[in-house]
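Welcome! Take a moment to turn the model around on your screen, and then let us walk through it together.

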Amino acid sequence: MMRKSFRKVSVSFLLIVLSTLTIALSGCSSDKAGDDSSKITIGIPQDIDSLDPHYATGAGTKEVLFNVFEGLVKPDENGNLNPAVASEYTISEDNKTYTFKLRDGIKFHDGNAVTVEDIKYSLERNMGVDGSEPLISSFSKIESVNIVDDKTVDVVLNEEDSEFLTQLTVAIIPASNTDPATNCIGTGPYKYVSSSPQENFVVTRFDDYWGDKAYIKDVTFKIESNSDAVVMDLKGGSIDMYARITSTQVSQLDDQFEIYEGTMNLVQAMYINNAEKPFDDVRVRQALCYAINPQEIMDYVSDGAGTEIGSAMFPSFTKYFMPELNDTYNTDTAKAKELLAEAGYPDGFEFTITVPSNYTQHVDTAQVISEELKAIGVTANIQEVEWNTWLSDVYSDRKYQATVVGVDASTLSASSLLARYASDAGRNFVNFNSPAYDEAYANAQSTSDDAAKTGYYKECEKILSEEAASVYIQDLPEFVALNKKYTGYVFYPLYVQDISKIKLADQ
Amino acid sequence: MSKARQDLKRNIKENPYLLSGAIITGIMVLVIIIGIFWTPYDPTAMNSADKLQGMSLRHPMGTDNMGRDVLSRVMYGSRITLLIAIGTVAIGSVVGTIIGALTGYFGGMFDEVTMRIIDALFAFPSILLALVIVSVFGTGWIQLLISLGIAFVPSYARIVRGEVLRCRNMDYVENARLQGVSNLRMIFVHILPNIKGVMASSIMIGFNNAVLAEAGLSYLGVGSQPPYASLGKMLSDAQQYMFTTPSYVLCPGIVIVLMVLGFAFLGEGISRWK
């Protein structure tokens, strides 16, 4: 009898203990989940063209990869370069040797520590040490990357360059990674999870990040190849944020969204293939500049918002921007016709503008241009192409007559916008060729005195404007829509989206 | 009044579909023909002062986001849309019917192999198919027609095959066979006329799909290129102004509806023609 009741008591005791534990433990786990389940879906206009940061070409790819990869130094929202993979750096008196100290304890996403060998490997990969063309043309300036000890690396240049630091934002990737094109490993605040072509690119917070860790855990970049669907998707909640929406789209969003306004930091222009007839004649290019009215384009495309530019420089680079170049060509149909007649085209001519169909603002711009050119008897046909076709046909193969796109700056130096116009530059997709420009650009590169350098860069801009290398239009206004559940979006003077600074509104 | 004319009159009276279909389609074709010679405004002329206007006397269908007159653009766009729709459906239905009739009638190994190929074609997204065709042959109207036409073949082939299978063993077919009718004559003279009702309705549905498919394809650089726009492209461009300027999306939409409706009535009328 005694034994039986004891057993009963012990069973009920056990039950009580178990149920208490269950409740207590489940309480614990739900707390933790609340912290870790934060996620955001961000719409992006185009597919990721390469997971390999050194081979990625699209500005839309680089702005996403900014969250995954870091260089020795990293730009911030104020236009400064801060040490990233390196914890500190020194530049020698003669501007030829840059010495970097590796940051203590910094790790790659796969958990391995970053070594000086990885830095050497990453830089040399871009230099094309095996005799191939350098991936970044300015990296041909690097004479050698020397490992001093297991914490220190010297980058030695073969010529003086006081602003070479701006180039060293190039991603540091592990030397042991045999296939960077599919295996995406960096040191940034987010690490790569997966990607599906034409669909999405998924990253998650890297908890061993050396700096300020990201707020939101899971980030999905969703490819919105149909720009008309963006408003619907935002309202319907399938995306929480979209950068670069148009002013019409803004007007359709309700107060569920916070709209951030800035500029896109793009040189939007009708880029002309200078090697192609009739554009090999400077008078024809100038005639187009006289016939095209940037203000009118802004009125149609973005309700008048936007900043006019007269050369390959956007206003955020205040040091280099020359507003006076906006007046090199003021709309003058008579003058344009006169120039065309001089060049041997009194009755105008016909050409095709190839535009990437996923960028509404560029397609609309092309339509306005086509209409404006009718006044001088020039017929501009428009050909919409898909982004990857644009990249291969127009940008890489240079098989086009004219195109409307925006070109971004990859670094904080003026040369990132101006380098492509040097006649031998690999990215010179407009085939611009001017000895005067080459000389001015070379002078800018070889000078270490900052004022003189800026002077030469300005000379370059002037030449581009006078030679009408392309028809420069505007720096587009940028509107970013962010669901009010989130906050903290910051604009950069570069074409990047820093997701690590975005947080939940109640966080 | 001769008997033939009386017959015709009676037939039209008893067949309101044919009459209304002919009227609607007639009006559409008339508008398109007028559009070739005259539009109220230049369909590509922009006007920044008149952006996104609603309907008014000056612009009966309002204006678009570039201040272009929507009526003029609709008149121009219907031409493109009609041509593409007719061309696509013609290619798709002719090829599809031939394949479907042959496979359905003969059956066996030939049927198995052909239908599996058709299945494979079905599994291909038509956008992908169009991309392949564009990258091989370049862009243009012909390529667009071919790629859309090929994409439409499988559905016709399946429908016709099913119908032919159903009719193959019917008494009238047996009867004709006993009289020594050849296989080809059997298919095209005896069986196909008996399934014209099903075919007419599937052709009308195909017409509808072709209008929408063209709109999707202009995204890839095939189809109508700006500044000109087919009705479908106008519809997709107007999407983002749906709530601010409803006339811009409604007008091309209604014209598409009328066009499809006219053809649907015409099809129904033809299938009821005695």
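In this predicted model, helix α3(B) passes α6(B) in a right-handed crossing. The axes of α3(B) and α6(B), the latter covering residues 141-168 of chain B, come within 5 Å and cross at roughly 35 degrees. Sorted by class, the residues in the contact of α3(B) with α6(B) are 18 nonpolar, 11 polar and 3 charged.

The crossing of α2(B) with α3(B) is left-handed. On the α2(B) side, the contact is made by M28(B), V31(B), I32(B) and G35(B). On the α3(B) side, the partners are M75(B), Y76(B), S78(B), R79(B) and L82(B). By class, this contact of α2(B) with α3(B) has 6 nonpolar, 2 polar and 1 charged residues.

The table sets the two pairs next to each other.

| Helix pair | Axes come within | Crossing angle |
|---|---|---|
| α3(B) and α6(B) | 5 Å | roughly 35 degrees |

**Chain B as a whole**

How many helices and strands does chain B have? Chain B has 11 helices and 0 strands. Its C-alpha trace spans about 75 × 60 × 30 Å along the principal axes. Of the 274 residues in chain B, 44% count as buried. Among contacts in chain B with a separation of 6 or more, 70% come from residues 24 or more positions apart.

**The sheets of chain A**

Now let us move to chain A. An open sheet of 7 strands there has the order β8-β9-β10-β1-β11-β19-β12, with mixed pairing. At its edges stand β8(A), residues 190-196, and β12(A), residues 257-263; each has a single partner strand, so one side of each is left without a neighbour in the sheet. Neighbouring strands of this sheet are turned by 20 degrees against each other on average, direction ignored.

Another open sheet of chain A is formed by 4 strands in the order β4-β5-β7-β6, and its pairing is antiparallel. Which strands are at the edges of this sheet? They are β4(A), residues 86-91, and β6(A), residues 142-149, and each pairs on one side only. From one strand to the next, the twist averages 20 degrees. β6(A) and β7(A) pair in the antiparallel sense over 6 bridges, and S144(A) stands opposite V156(A) in β7(A). Helix α3 of chain A, residues 116-127, lies across β5(A), β6(A) and β7(A), running at about 175 degrees to β6(A).

**A loop residue**

Between β7(A), residues 152-157, and β8(A) there is a loop that holds D179(A). Is D179(A) buried or exposed? D179(A) counts as exposed because it has 9 C-beta neighbours inside 10 Å, and the exposed class takes in residues with 12 or fewer. D179(A) and D52(A) are 127 residues apart in sequence and 8.7 Å apart in space, C-alpha to C-alpha.

**The nonpolar cores**

The largest nonpolar core has 146 residues, and those with the most contacts inside it are M270(A) and C460(A). Beyond its neighbours within four places in sequence, M270(A) is in contact with I353(A), I369(A), A402(A), V404(A), S470(A), V471(A) and I473(A). A second, separate core has 60 residues, including L102(B), I118(B), A130(B) and I187(B).

**Where the chains meet**

Finally, look at the contact between the two chains. It takes 21 residues from chain A and 17 residues from chain B. On the side of chain A that touches chain B, α5 (247-252), α7 (294-302), α9 (360-373) and β16 (379-385) each supply at least two residues. Which element of chain A gives the most to this side? The answer is α9(A), with 6 residues. By class, the residues on this side of chain A divide into 7 nonpolar, 8 polar and 6 charged.

Definitions and conventions:
Residues are numbered from 1 along each chain as its sequence is written. Chains are lettered from A and ligands numbered from 1 in the order in which they are written. This is a predicted model: local features need pLDDT of at least 70, side-chain atom pairs count only at pLDDT 80 or more; totals for chains, interfaces and linings use all residues. A crossing is left-handed if the near helix is turned anticlockwise from the far one by less than a right angle, and right-handed if clockwise. Two residues are in contact if their C-beta atoms, placed from the backbone, lie within 7 Å. Ala, Val, Leu, Ile, Met, Phe, Trp, Tyr, Cys and Pro count as nonpolar, Asp, Glu, Lys and Arg as charged, and the others, Gly among them, as polar. Two strands pair if DSSP finds at least two bridges between them. Axes are lines fitted to C-alpha atoms, for helices over the stretch in contact, and angles run from 0 to 180 degrees between N-to-C directions. A residue is buried if 20 or more other C-beta atoms lie within 10 Å of its own, exposed if 12 or fewer, and partly exposed in between; C-beta atoms are placed from the backbone. A nonpolar core is a set of buried Ala, Val, Leu, Ile, Met, Phe, Trp, Tyr and Cys residues joined through C-beta atoms within 7 Å.
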